[in-house]
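Please look over the structure shown here.

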Amino acid sequence: MTTVLRASPRRFVSTPSVERIALRALRYLQSGFSVHLRGPAGTGKTTLALHLADLLTRPIMLIYGDDESRSSDLIGSQAGYTRKKVVDNFIHSVVKVEDELKHNWVDSRLTMACREGFTLVYDEFNRSRPEVNNVLLSALEEKLLVLPPTSNQTEYVRVNSDFRAILTSNPDEYCGVHGTQDALMDRLVTINIPEPDELTQQEILRQKTSLDRASATLIVQLVRAFRAESGVMASGLRSGVVIAKVCHEHNIPVSPNNLDFQEICSDVLLSRSGLPLAESTELLLQLIGQLKTSESIEQDEINAESNFISEEAETSIKKDEIYSEQIFPTLEIEDDTPIVSSEPSIELTLNEQLVELLKEIPVIQEEVDTELEGIAFEAFYESRIYQYLIEMDGAGLSDLESEFGLSRTQVLDVLRTMTRNRQVIHRDRRFFAIVRSEVEV
């Protein structure tokens with residue numbers, strides 16, 4: 001019995017690079033052409049194929065390539081038989097027995113997909129021998145599927161107009177794959193699937209393991225560096241998922257200084273290396289050592305910046321107190337009328353008094369002007385940075401610099417003010433927004 005599938009891509013990770021490839025493939029499928037996704041193992045070809053099949057909103061027939069496959073595994077075969085027996089007892093002394101055997105034809109996945117207009121996903125089709133895939137030629141081009149002649153079924157099947165085929169394959173240099181005939185490749189639109197970029201791999205790790213972004217970034221960078229240095233052909237995505245999942249489920253810190261994390265990386269990565277074991281081990285230890293050094297330097301830099309922010313905040317508070325003592329005590333108000341008043345005449349009088357006083361102390365006036373310019377600059381970016389930190393669930397200094405086009409000094413100036421106003425906190429080398437409920441607590 002042939003089973004029809006329905007894809008459920010609820011956990012499909014969509015990033016700009018993935019969306020671009022999916023859009024390219026979907027165009028060809030919607031125009032009636034079949035698509036061939038080609039790339040190294042672990043790049044997400046099968047997941048993308050099922051995602052595309054789901055976008056077509058048709059039932060799915062899934063086939064896996066195999067060196068032992070035959071054409072009958074694609075189109076169907078004679079399976080079992082029907083037996084008919086007749087007994088004639090008309091004459092008491094004579095018994096007549098008549099047997100009739102008929103073979104039954106059973107459609108396989110390709111035939112059913114062509115009949116009903118389903119989407120065929122043929123995963124790693126080049127692991128099947130080329131002669132097995134010859135049945136696809138007429139189905140893809142002439143829209144006619146040719147079946148072997150039998151006595152109880154038609155020899156030709158008209159391909160439904162909704163039928164689509166999505167094929168995936170590994171590179172020719174992989175073990176266990178066969179060359180593909182030119183006639184079949186000419187009927188397919190081939191899209192090369194590259195190694196997922198760093199952002200895509202980070203998002204996949206976060207969604208599949210619920211790991212925080214900093215840990216996912218460290219794992220992706222380590223796996224990508226090891227893969228590049230050791231000459232691994234396959235993608236490092238599966239390796240990263242294994243490391244992230246084990247660390248998250250067993251509460252193992254993702255840190256190059258943690259022994260358990262180092263052992264997990266060794267178990268997962270060394271077996272995938274094309275180098276000798278001793279050389280692979282030395283390479284992995286070097287990469288982990290580089291991460292240790294980088295993490296230590298970055299932590300020292302963050303600590304220094306944090307201390308600098310705290311010191312500057314204290315200095316700024318003291319400077320504000322000095323300005324208050326120097327300027328505002330000289331304002332003499334004869335009555336008890338508040339400074340902030342709805343009466344324009346009183347407000348104008350106070351402003352005039354302040355201007356006259358500042359004229360008498362030009363040095364302080366210049367400092368106040370500079371301070372007012374800084375306050376205007378900081379006020380402009382405070383709300384924008386605060387909202388950005390809430391949306392991104394925290395960010396580093398480099399993230400804020402690139403997002404708002406500011407220098408590090410300008411970013412630090414705004415963060416000092418926000419820290420003094422208890423709008424942000426600094427934790428784990430990142431800045432986080434303090435929501436109102438946290439402030440009240």
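Which residue in strand 8 is the bridge partner of Leu 120? The bridge partner is Ala 165.

## Basis of the report

This is a predicted model: local features need pLDDT of at least 70, side-chain atom pairs count only at pLDDT 80 or more, and totals for chains, interfaces and linings use all residues. Residues are numbered from 1 along each chain as its sequence is written, and side-chain values use heavy atoms, with hydrogens and water left out.

Helices (H or I, at least four residues) and strands (E, at least two) are DSSP runs, numbered from the N terminus.

An open sheet is built from 5 strands in the order 2-5-8-1-9, with parallel pairing. Strand 2 and strand 9 (188-192) are at the edges, each with a single partner strand, so one side of each has no neighbour in the sheet. From one strand to the next, the twist averages 20°. Axes here are lines fitted to C-alpha atoms, for helices over the stretch in contact; angles run from 0 to 180 degrees between N-to-C directions.

Strands of a sheet pair through backbone hydrogen bonds, either parallel or antiparallel. Here, two strands pair if DSSP finds at least two bridges between them. Strand 2 (residues 60-64) pairs with strand 5 over 5 bridges, in the parallel sense. Met 61 has Leu 120 of strand 5 as its bridge partner. Strand 5 also runs parallel to strand 8 (residues 164-169), joined by 4 bridges.

## Strand 5, buried on both faces

In strand 5 (residues 119-123), 5 of the 5 residues are buried, so the strand is largely enclosed by the rest of the structure. Buried means under 20% relative accessible area, exposed over 50%, and partly exposed in between (1.4 Å probe, protein chains only). One side carries Thr 119, Val 121 and Asp 123. Leu 120 and Tyr 122 are on the other. Both faces are covered.

## Helices on the sheet

Helix 1 (residues 16-30) lies across strand 1 (34-38), strand 8 and strand 9. The helix runs at about 180° to strand 9. Helix 4 (residues 109-116) packs on the sheet and touches strand 2 and strand 5 (contact means heavy atoms within 4.5 Å). The direction of helix 4 makes about 155° with that of strand 2.

## Cysteines

How many disulfides does a search of the whole structure find? The count is 0, where a disulfide is a pair of cysteine sulfur atoms within 2.5 Å. For Cys 265, the nearest cysteine sulfur is that of Cys 247, 6.6 Å away. Cys 265 is buried, with a relative accessible area of 1%. Cys 114 also counts as buried, at 0% relative accessibility.
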